[in-house]
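Here is a short tour of a structure, meant to be read with the model open beside you.

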There are 2 protein chains.
Amino acid sequence: MRPTLSDVARLASVSVATASRALSNPDLVADGTRRAVREAANSCGYKINLVARSLRIQRTDTLLVLTPEIDNGFYPALLHGIEDAALDLGYTVLVGFTAKSEKHRQSYADLLSNGRVDGMLVMDGGSGVNRFTGPRPDLPTVQVLDRIYAPPVPVVRVDDGEVADLAVRHLSSLGHHRIAHIAGSAAAPHALERRNGFVAAMGRSGLPVEEHLMVSGDGGWEGGLQAMRRLLSLPQRPTAVFCADDALACAAMNVCREQGLRVPEDISLIGANDTQDGQRAYPPLTTVHVPRADIGATAANLLIGLIRGQPGAESDTVLPVELRERATCAPLRAAVAA
Amino acid sequence: MRPTLSDVARLASVSVATASRALSNPDLVADGTRRAVREAANSCGYKINLVARSLRIQRTDTLLVLTPEIDNGFYPALLHGIEDAALDLGYTVLVGFTAKSEKHRQSYADLLSNGRVDGMLVMDGGSGVNRFTGPRPDLPTVQVLDRIYAPPVPVVRVDDGEVADLAVRHLSSLGHHRIAHIAGSAAAPHALERRNGFVAAMGRSGLPVEEHLMVSGDGGWEGGLQAMRRLLSLPQRPTAVFCADDALACAAMNVCREQGLRVPEDISLIGANDTQDGQRAYPPLTTVHVPRADIGATAANLLIGLIRGQPGAESDTVLPVELRERATCAPLRAAVAA
DNA sequence: CTGAAAGCGCTTACAG
DNA sequence: CTGAAAGCGCTTACAG
């Protein structure tokens, strides 16, 4: 059997209380005692049992993160940001994939109410599950990017109106005015906000927004392909398109190639989020950068603050976004010249 | 405070023993009792405390998976396969990212020795950490894809020689004989095996393997770019290249574009693994499919068997791979005609 | 500085 | 079918 603390205590000829202190709170025991206990622990290969410890101290030092499928290049950076911040503060992070079914989601969320984790980071709000529906969680929770619980459950996010605004202003500054938008999944609040932001930004730039230039990219990669094909089949094609995310923009770029259109000479494309697929596309995608690692780290720190009962947790933290010019946008005249 | 089982027992006027049975082992109590206890539990919002339960029953029903960075499109499917199988059998999975440092890796691996998880799936062997170095784990462990512990620690993997063989035979059947290879990270055992497999397969096909046609794609995306540039700067360019993985092949494809070479008309490219980036490339990448979800599920099932003490766990499970023809390979004469 | 004791919240032989 | 009791492996007041 695995040695326990009482084995160590016996070997070191001290009480379990002292053995515990020597190992977890070294300052509380005499030098010699500490040494003896440590040696005993080593000699028998003692490892502390964290579940016993958790039961006793009433915390697990573990965070849960609810995430949708991660195979889309958006979540990994968020996860790493969370993990970095958490590990620094002595927390372990457990990730639960919730896109499969509401049942899966529930079984993960139960880990919080069942005391297996101390707090929860919800970043699957964009997948449309359970939105605004459940009661406000009474255990430490922070939302990432999409708000799915009413205040005062904190959110860490970006301003999606600003994302759209940066994209539209960039395109407009290049002389484009027939600008299209491929919207993201209707289930994602942020996609809706980017769409609204697109309309608002077009207005602010004094540009007309034509209904048929706003298409839905719902349906993942295939949806993106179809959306772009629809746009290119229009009698009056757009000269530029703002895609709600980089994956959609990559899909759009592929459609351009299959139809023999050059990007950016014949048409300008801009994405959003700044994910790896855009960076590695050819040509590399111009996009609006979303600081995912920062968002993750901020959210994790906030959650840990909540768990530790620190006051003054902001309930709405908005991080800045910025334009990342790469190679898929060109001045309108280039298209005209082509 | 959170209600405990004894609160429920009091409300239902039974002993905690009975309350426990009514909730966790319903058949053991009378109908009326069961109903009363359930009602009591609901009325006070009782949730079982899983850490107390774990301490008592001496298991956590949790699996740990050690994974390197996941932002490369390879790991998500593996993770999903693991999670599916695990959830079906009542296990929760905890994932630990280990690429940051050996310290991070250790702190995750400690979760196993510290009793927070029942078993461990090691799939970060390709990142070169700690290889063959640590003692054979004495707690339930299974390795995924790369062997980093000596037998009999089980492995679930593919035959990387076969991966290379399928690729080379495909290229050779298209008439290519000046075939190059861009190798994966030298730290990854499977990359080495693919490289050796390439040499063997070339031999089997009666093709010469020229030293300068085998280059290292070490260094991630940038490494891939450089490797391909080196190949294209050769006096005698290859007419086809087998890239150790799809990301490398995508990098190679970008280099071709930047140099004005058409794929597959001017040069054929084949990858391996069949990841999303290859599927979404333009043109879609021909590759060797590796059944990642199956591998994950198989490994998880094996691990759970180990945990439950089932005998007969195979210590080396090899899953089949297959060629996935898409659009980046063409007959040699096409290149000649060009 | 150290030890005896209580207790975290469950489950499960053992009796009845 | 139900209850009293022990115990999983720790930590931490409380005394000394």
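## Strands side by side

In this predicted model, strand β8 (residues 240-243) of chain A runs parallel to β9(A), and three bridges join the pair. One place to look is A240(A), which stands opposite S268(A) in β9(A).

Helices cover this part of the chain. Helix α7 (residues 160-173) of chain A packs on the sheet, where it touches β6 (179-183), β8 and β9 of chain A. The direction of α7(A) makes about 170° with that of β8(A). Helix α8 (residues 189-204) of chain A also packs on the sheet, touching β6 and β8 of chain A, and its direction makes about 170° with that of β6(A).

## The whole sheet

Now step back to the sheet itself. It is open and has four strands, in the order β7-β6-β8-β9 (chain A), with parallel pairing. Which strands stand at the edges? They are β7 (214-216) and β9 (268-270) of chain A; each has a single partner strand, so one side of each is left without a neighbour in the sheet. On average, neighbouring strands of this sheet are turned by 20° against each other, direction ignored.

## A helix with two faces

Next, find helix α2 (residues 16-24) of chain A, where A19(A), S20(A) and A22(A) are buried. Looking down the axis of α2(A), you will find its buried residues within an arc of 165°, so they line one face of the helix. An α-helix has 3.6 residues a turn, so residues three or four places apart point the same way.

What covers the buried residues of α2(A)? Among the covering elements are α1 (5-12) and α3 (31-44) of chain A. On the face turned away from the buried side, α2(A) carries the exposed residues A17(A) and S24(A).

## The nonpolar core

The largest nonpolar core holds 84 residues. Those that touch the most other members are L64(A), I82(A), L121(A), L64(B), I82(B) and L121(B).

Take L121(B) as an example. Leaving out residues up to four places away in sequence, its contacts include L63(B), L64(B), V65(B), L66(B) and I82(B). L121(B) also touches V142(B), V144(B), A299(B), A300(B) and L303(B).

## Two copies, one axis

How do the copies meet? They do so through the same surface, because 100% of the interface residues of chain B are also interface residues in chain A.

Terms used. Residues numbered from 1 in each chain as written. Chains lettered and ligands numbered in written order. Predicted model: local features only at pLDDT ≥ 70, side-chain atom pairs only at ≥ 80, totals over all residues. Core = buried A, V, L, I, M, F, W, Y, C linked by C-beta atoms within 7 Å. Buried ≥ 20, exposed ≤ 12 C-beta atoms within 10 Å, placed from the backbone. Contact = placed C-beta atoms within 7 Å. Arc of directions from axis to C-beta. Pairing = 2+ DSSP bridges. Axes fitted to C-alpha atoms, helices over the stretch in contact; angles between N-to-C directions.
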